[in-house]
Amino acid sequence: MTQPAIEIQNLTKTYRDRKTGEQKEALKGVDLTVPRGAFFGLLGPNGAGKSTMINIMAGTVVKSGGTVRINGYDIDRDVRKAKGSIGIVPQELVLDTFFTVRQALEITAGYYGIPKKDRRTDEIIDAMGLRDKADSPSRRLSGGMRRRLLIGKALVHTPPVLVLDEPTAGVDVELRRSLWEYVRKLNKAGTTILLTTHYLEEAEELCDEIAIIHKGNLIARDRTDTLMGGVDSKQVSFTFAAPLDTVPDALQGLQAEVKNGRLLVSYQPSKAQMSDILARVHTAGLQIQDISTEEVELEDLFIKLTSAA
Ligand SMILES: Nc1ncnc2c1ncn2[C@@H]1O[C@H](COP(=O)(O)OP(=O)(O)O)[C@@H](O)[C@H]1O
Ligand SMILES: [Mg+2]
């Protein structure tokens, strides 16, 4: 029996402000299972609780309740094995800027107890494109390069699970491309990837499964294509010179309906072409008086999902 890469049950977190005593419920009982080998997206607006979840897995935030298992290892009971199974790239660029790239990687390897002969320092330096900067102190690195070093540090112990918390926020397009290429390669080689982002397009492009978190609750979890069916969707509304009462034959096979004499057609912009819909309307010999379109946005999806919950 193989254990899931990540198994989270009823995870809660309440932050307390030491001064004011004010409480903030950041996670309200989250259940999440990430299967082995997945490229998984954790999506949600700012403040949803994504980093809180990630930082609990990393051990930098103490949970209030619930359980977290990494590759079957409980983060409370099997601390070492759990930590050894996961590599985490935090959202904040936290680095000891005094050390060079090489030193930072060596120190991290030492922290994980990896013997010198088994270290992959040079391989990681090359994979992250940091060869030229290997002996520069990290304070001299650009933001993008620091991000790469952080990813490198998360990889020194060859973890079977790699978690990236908003890795492309503030990163230039070129680095974003090469970063994703590398992460994809890791995933193909068997590493489970958990990625958090508030960019819908990014999650859609990369992830095969997505969970959506909103105000500390997990409100959706599905295969990306299924979930995006609700987002990658537009509706076009036609008003014709003469009101309709049935969907014309030429538009059969599309998601079309007649409402108040108008024709409403739902379609997926990634698949269907507006020109095809217009051609069919033309074939039906209808005289268009007015057209309007509506697009489902990420915010709409959140509202839809939260009101349904
Ligand atoms: N150290 C903290 N102390 C108090 N509140 C916090 C702390 N960290 C995060 N929060 C609050 O918890 C909520 C979730 O934050 P976070 O996990 O960073 O969300 P996300 O990563 O999805 O943007 C937010 O309302 C945030 O203000
Ligand atoms: Mg965050």
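Analyst: A helix here is a DSSP run of H or I at least four residues long, and helices are numbered from the N terminus. The model is predicted.

The largest cavity holds about 30 Å³ of space. Its lining consists of Leu105, Ala109, Ile114, Arg119, Arg120, Thr121, Ile124 and Val156. Sorted by class, these are 5 nonpolar, 1 polar and 2 charged residues. Two helices, α3 and α4 (121-127), each give at least two residues to this lining.

Next comes the open space. The largest pocket has a volume of about 660 Å³. It is lined by 23 residues, and those closest to its centre are Ile88, Pro90, Tyr111, Tyr112 and Lys153. By class, the lining of the largest pocket has 14 nonpolar, 5 polar and 4 charged residues. At least two lining residues come from each of α1 (50-58), β6 (86-89), α3 (101-111) and α5 (143-155). Helix α3 gives the largest share, 4 residues.

Of the 9 residues in α1, 8 are buried, so the helix is mostly covered. The buried ones are Lys50, Ser51, Thr52, Met53, Ile54, Asn55, Ile56 and Met57. After α1 comes glycine 59, with a positive phi near 85°.

Is glutamine 91 buried, exposed or partly exposed? Its relative accessibility is 26%, so glutamine 91 counts as partly exposed. Serine 51, by contrast, is buried.

Aromatic rings are the next item. A pair of rings is described by the distance of the centres and the angle of the planes. The whole structure has 3 aromatic pairs. In one of them, phenylalanine 98 and phenylalanine 99 have ring centres 5.8 Å apart and planes at 75°, so this pair is edge-to-face. Phenylalanine 98 has a relative accessible area of 61%, which means that it is exposed. Phenylalanine 99 is partly exposed, because its relative accessibility is 27%. In another pair, phenylalanine 238 and phenylalanine 240, the centres are 5.8 Å apart and the planes are at 5°, so the rings are stacked. Both phenylalanine 238 and phenylalanine 240 are buried.

Finally, the wider layout. The chain is divided into domain 1, residues 6-228, and domain 2, residues 234-308. Taken over C-alpha atoms, the centres of domain 1 and domain 2 are 41 Å apart.

Note on methods: Residues numbered from 1 in each chain as written. Chains lettered and ligands numbered in written order. Predicted model: local features only at pLDDT ≥ 70, side-chain atom pairs only at ≥ 80, totals over all residues. Heavy atoms only, no water. 1 Å grid on protein atoms, 1.4 Å probe; cavity = no way out; pocket = protein on both sides within 12 Å on 5 of 7 lines; lining within 4 Å. Points joined across faces, edges and corners; volume = space filled by probe spheres on them. Nonpolar A, V, L, I, M, F, W, Y, C, P; charged D, E, K, R; others polar. Domains from an automatic or database assignment. Buried < 20%, exposed > 50% of the residue type's maximum accessible area, 1.4 Å probe, protein only. Phe/Tyr/Trp six-rings, centres within 6.5 Å; stacked < 30°, edge-to-face > 60°.
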